[in-house]
Amino acid sequence: MRRVLESLRLHGPSSQAALARRTELSRATVNSIVKSLREEGIAETRPVNGREFLVALVSRQGAVMSVQVNVTSLRASLFDFGTHARHDASVTFQEDTEEEGGDPELVVDMVRTLVSRAGLLSTDLAGVAVAVQAPLARATGTVTSWARLQLPAWRDIPVAESLQETLGVPVWAENDANLAALAEWTWGSGQGAADFLYAMCSAKVGGGLVIDGRIYRGGDGLAGEIGHMVLEPEGPVCFCGSRGCLTTFVSERSLLHALKSSGGGHTTLHQVIDSARRGDPACRRVLYEAGRHLGRAFANTAKLMAPSVVAVGGTLSKAGPLLFDSLVSSAEVQSLKVASPDIRFVPAALGDDAALLGGVAMVFAETGTGASALPAWALRQQTIQKPNSR
Ligand SMILES: [Zn+2]
């Protein structure tokens, strides 16, 4: 059963013949496993072209809570697979204040509020996933030392362990870009890719690697942190302590800084992209250069791990061809096509929800359930924003 579930998660809806082939089980065995998965409400069969049937994972029961701990906001979404409803809440913080990143009590508050709004009990939750906007040390489950300043109230706190103790339900914590990568691989731009690299480019650059269907973390949770790949050893100082990291060239702040001398008065990356679309040459220039830097970083990564798909998410990806044209040509200049001839560069598909949805994918994977396709209701946000009253 574990093999059948894994195969369905890895390959999406499949015929019983394909399942038998991949799992090396007999057709009869696959047949009886599928039958019991259907009875448990974990899988369903769907007709395709009249005669053939595909087996798909479907979650009809239980609820999953997904929380995102960002430097400037907290978000939480409850996905109730029993009633097909999604409940959302968010809190934003003043930048450069002690509030940044919120704190564990605030997360517990939000989780309990959403659970009661959905008419559920905490114990109805199959699990809680926490996406943290910082790398987590694998051994301790705490925010990596060099990123602690970003999330002051989470310092030295084993994120999953401490929340699990308070909430009394299973909690998993993971770096946000890793979770976004998992969501994109499970349901989005990287679906079905054997090896998948994802870069989330917004305020900062995060990255995640999915290899053979699993997040690849490395020793200190730092694997896939493409944002801190050094492109120019004499470049600008990065908050991680290095110089010339990819982040220092393509983050929102660095693009806005590069534009200062042009006098355009832009204050957000969204504005820069809008102006570039309307033909502003300075804005087009910084996006072109951001694409070139990303292309170089991807080419270096690709030579090590040869991913079949590289996806770019976050605000920057909304620039479309203004970013991707120079990205692809820069990657090609680095003779990437020789090292990795079939590599595809694509915009991410799941937008700002990727990390939250990745939390759902992680709880599914950890609890042995899944959904071959993301139901439409799970993509509809019902956000009730409230100012942080504390
Ligand atoms: Zn860095």
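Asp 353 and Arg 75 pair up in a salt bridge, their closest N and O atoms 2.8 Å apart (a side-chain nitrogen of Lys or Arg within 4 Å of a carboxyl oxygen of Asp or Glu). The two partners are 278 residues apart: Asp 353 sits in the loop between strand S12 (344-347) and helix H13 (354-367), and Arg 75 in strand S4 (residues 73-80). Helices (H or I, at least four residues) and strands (E, at least two) are DSSP runs, numbered from the N terminus.

Asp 353 counts as buried, at 7% relative accessibility, and Arg 75 is buried too, at 15%. Buried means under 20% relative accessible area, exposed over 50%, partly exposed in between (1.4 Å probe, protein chains only).

## About the model

This is a predicted model, where local features need pLDDT of at least 70 and side-chain atom pairs count only at pLDDT 80 or more, while totals for chains, interfaces and linings use all residues. Residues are numbered from 1 along each chain as its sequence is written, and side-chain values use heavy atoms, leaving out hydrogens and water.

## Another salt bridge

The structure holds 11 salt bridges. One of them joins Asp 352 to Lys 318 (3.7 Å, N to O), linking parts of the chain 34 residues apart. Here Asp 352 is exposed at 53%, whereas Lys 318 is partly exposed at 36%.

## The zinc site

His 228 (ND1), Cys 238 (SG), Cys 240 (SG) and Cys 245 (SG) coordinate the zinc ion at 2.0 to 2.3 Å. Donors are N, O and S atoms within 2.8 Å of the metal (3.2 Å for Na, K and Ca); water is not among the atoms, so sites may look incomplete. Along the sequence, the donor residues follow the spacing H-x9-C-x1-C-x4-C.
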